Structure formats: C-alpha cells, structure tokens
Amino acid sequence: MNKPVIIGSGLAGLTAAWALAPTECVLVTPGTLTDNAASMWAQGGIAAALADDDSPTLHAADTVRAGAFVGDTRTIRRITDAAPDVVALLADLGVPFDHTDDGRLDLALEGGHSRSRVAHAGDSSGAAITRTMAAAVRDLPSVHTLERHTARRLLTGPDGAISGVEVIDPDGCALVLETDAVVLATGGMGALWPCTTNPATALGQGVAMAARVGARTDDLHLVQFHPTALDVPAFPNPLLTEALRGAGAILTADGERFVHELQPRDVVAAAVWEQLQAGRSVRLDCREIPCVATRFAAVAELCAAHGFDITRDLLPVRPALHYSMGGVSVDAHARTSVPGLWAVGEVSRTGLHGANRLASNSLLEAVVTGRAAADSIRGSDTRWTPRVLPVDPATVVPPSAGAAVDLGEVRAILGASCGVLRDGASLEGAVDRLAELRHDDAGYVAWLVARSALLHPHTVGAHRRIDEQLETAAAQEVPA
C-alpha cells in the first residue's frame, strides 16, 4: 500500500491522521492546518452521556427522536455508546473542557436533549478540540502535511479502485499523489446556499470528487438550517449557539414568544421562518442569562462586531444552512462504495443524524469516524466489502470542460428551491437549470442536492415539502 492520503484538516481528518500512527500518511489541506475547517467554528461542544442521570441509551433515544426517527439505529447506538470514551480521550489529549466547582465536567443543555450532556470549552469548543488534535498531529513524525495544496479530483484504475489524488500545489501546478487509500475529510457544502454559518469554502468538494468516481451518496436533500444565525449582511452569517437557548434565551416575534426554544432544530427553524415570512421581526433575547457576556464571550464578540450588545440588545436572527446530514454513504468502518475510498466527518453519510442532527453530535461523529477509518486502513485486506448499496448510475457525471459557474447563481437557485420549505415546481426548475452546470463541481453538487429533494416528495425532519401539505389538504376537502 502507498501512504494513505487524507484530504482535509478539520477534526475528522486530523483524528484519522492521529489514529493511523505509526502508519505513515499524507495530510492534504488547502491552507495551513485547521484553516477554514467547520469544526473550528463549532460553538456548543460534544455530546456524551456523562451525568449521573444520563446514559448512552437516553442519548441514543434523543438522537433518534431529533432525527425524525429515520436514522440508522445501529449506527446511533454505536456512536452514542462511544461518546463517553471520546470525551475522555480528548481530555487526555489536553482539551480544556469546563468544569464545575466540584471538579466535574460542566455539562450544558441544548435543543433536543433530555439531559444536560454537552461537554464544552467556553463557547469556542470546536476550536479548542480541533486545535488540541492538530497539536497532537503536528508532533507525529508519521504525518506528512502538504499545506496550501488543494485536492482537485480522485483517480481510479481499470477496476474502479482508488489509484491516486490529483492536487494543485501553491504555484498552481497539478501533481499526482499515487495511493490506493484516500480518506475524504472535506466537510460540508453550506456555502452553496445564500445564508450559511459554514466557512465560505464549504462547497461540497468532497461529495463532487467522490460522486464523479462512482461513490454512492444518500440524503443530500437533508440539510439542517440553524434557527439562530445573526441576521446581518455578512457571508457567512455569524452563529448564535444553541447553548444560549439552553441557558435561557428566548425567541420573540414582534415582541411575543412564539416557540419552545429547546425543540429540535428543524422545528425551531421552521417556526422562525414562518414568522419571518409573515413579515414579523424575530429576535433572540439573551438579556436574562446570568453573566452572559463572560459565559458566552465568543458570541458577545461576534455580536459586538456587528454593533450589538448581547447584554442589552435583542438580536435579529434567521435560519441559515448549518449542516449536511447526507453525504457520501459509508459503513461502520467509514468505507464508501468505491474500493480504497473512506469518508469521515460531515462529508460522510453515516446514518447517525437521520433527517435532523441533534445538537453537538457532529464533533462526536468526526472523532468516531476518523478513528474508524484509521482502524480500517491499518487492518485492511484485499477484500472490499462495505455495507453500502451500489451507486445510482444516474448520479455519476464524469468531469468535463466548461466555464466556472457563477456561485451567486447556484446559491440563488438552492436558496429558492432547497430552503427551509420546498415544493415540486421549484425543485423541477432547479434540477433542469443545474443539470446544465454539472461540469463544475459546485453546480454538480447543487444538482445532486436538488435532484435528491425532488425525488423525496414527503416531509421528514429538515426536508419540508409544502406541496405535500397542500395535496393532503386538497384530498381532505369534502365535495359539495
């Protein structure tokens, strides 16, 4: 085997590199280590059943419920069972988790959770965890990091198995890394929407690379809108963490509270969107949270940068694309349908999140899948038998020449057709237009998303079809 190549230096990719040691690997990242990684932006923390009144069984039940009961129950149980050990591992590596006065982990309550179970490091938990893992990776002689190198496409041999990765170096020259093992850790695709809390570089590159070589993707229409992004003219939108509502912040529309703030995100986001569509002003009121400016220092700083004082002002909010529940389909070992290709973190579709991710399960998934990929690579044999269904040939579109698409147009199309609410007519128009842009990776991924949404006519979790509701209402009308 050539050295495995890991594409991406967020928490999932870093964990894979760390867990592979002492096996040598190459870590490819378009910036410096951790640059533009969404895991660096995670505010809340990592969910695990650590309290005396909690258990992995309860954590699993909350994950199933938040995911609209369509998640993979075996995956959910496997990952929630691993959660306490993941937190212990991260603490041993040096993550500065917050503790109570008696020395216990300070566990926060977030939406969709029936217990306080989110271990956190202030309100910049993702950065603290990711930086700690990055520091551990930097100390490993087995990890060869190629900074400022951008992966452009995957290469396969006559048998369809991975044979290498084409990357662009800092001078703009293409070079090929020959390998029979690639770990995709490229993150999400939120920057394909006009309003997002994701880094602007999150354009679904991993999905495009994998799909073009025949990897199966699933549930790409299942994307989560965070209900409380700061509604300011910025791209991306600043995120106002779920933990604010867990600490007592309330949502109001024209001054009236309109929703239970700790329901799952899809429910709260839809409620916020309904109020905005009705022309009401939606605000997040954090003023009654004790010591809010010190307890949520990063959020207070974000708000201040846009002219708001978190201790005195009502904060304008709106839903913004936050997370992709779907992605490149993988099994419990992070293996895709393409021999030699693993996918970890947000780019993967594990089945953990169902139709709506439970708050603070993403960093957990990143660590678990990163370790699973590493274990699989170290123990791999000549067989490739992942528990993943074959790819739908209609989704496989090889790369072709063409002009780069206008990202503004792609964002406008997805914002209009694949927003909080969807309908068949808008989706059909989006699929038709985006089919003309599939030569470009951004256009291709947007087409896959819209196509997936069109093929799922029923509402489930974050995928809300208003035409289904209209059809149901029409069917219930009694003829005169």
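The model is predicted, with local features needing pLDDT of at least 70 and side-chain atom pairs counting only at pLDDT 80 or more, while totals for chains, interfaces and linings use all residues. Residues are numbered from 1 along each chain as its sequence is written, and side-chain values use heavy atoms, leaving out hydrogens and water.

Let us begin with confidence. The mean pLDDT (the predictor's confidence in each residue, from 0 to 100) is 94 for the protein, and 97% of its residues reach 70 or more. Residues 472-480 fall below 50, and beyond near neighbours in sequence this stretch has 0 contacts in the model (a contact means heavy atoms within 4.5 Å). Where pLDDT is low, the predicted coordinates should not be read in detail.

Now for the sheet. Helices (H or I, at least four residues) and strands (E, at least two) are DSSP runs, numbered from the N terminus, and two strands pair if DSSP finds at least two bridges between them. Here 3 strands form an open, antiparallel sheet in the order β3-β5-β4. Because β3 (46-47) and β4 (107-108) stand at the edges with a single partner strand each, one side of each is left without a neighbour in the sheet. The antiparallel pairing of β3 with β5 (residues 118-119) runs over 2 bridges, and Ala47 has Val118 in β5 as its bridge partner.

On to the charged side chains. Side chains of opposite charge can pair when their charged atoms come close. The structure holds 23 salt bridges, each defined by a side-chain nitrogen of Lys or Arg within 4 Å of a carboxyl oxygen of Asp or Glu.

One of them joins Arg104 to Asp52, with the closest N and O atoms 3.0 Å apart. Arg104 lies in the loop between α3 (73-93) and β4, and Asp52 in the loop between β3 and α2 (56-66), so the pair ties together parts that are 52 residues apart in sequence. Asp52 counts as exposed at 67% relative accessibility; the classes are buried under 20% relative accessible area, exposed over 50% and partly exposed in between (1.4 Å probe, protein chains only).

Arg464 and Asp266 form another salt bridge, their closest N and O atoms being 3.6 Å apart. This pair links distant parts of the chain, 198 residues apart: Arg464 is in the loop between α13 (441-454) and α14 (466-476), and Asp266 is in helix α7 (residues 265-277). Asp266 counts as buried, at 11% relative accessibility.
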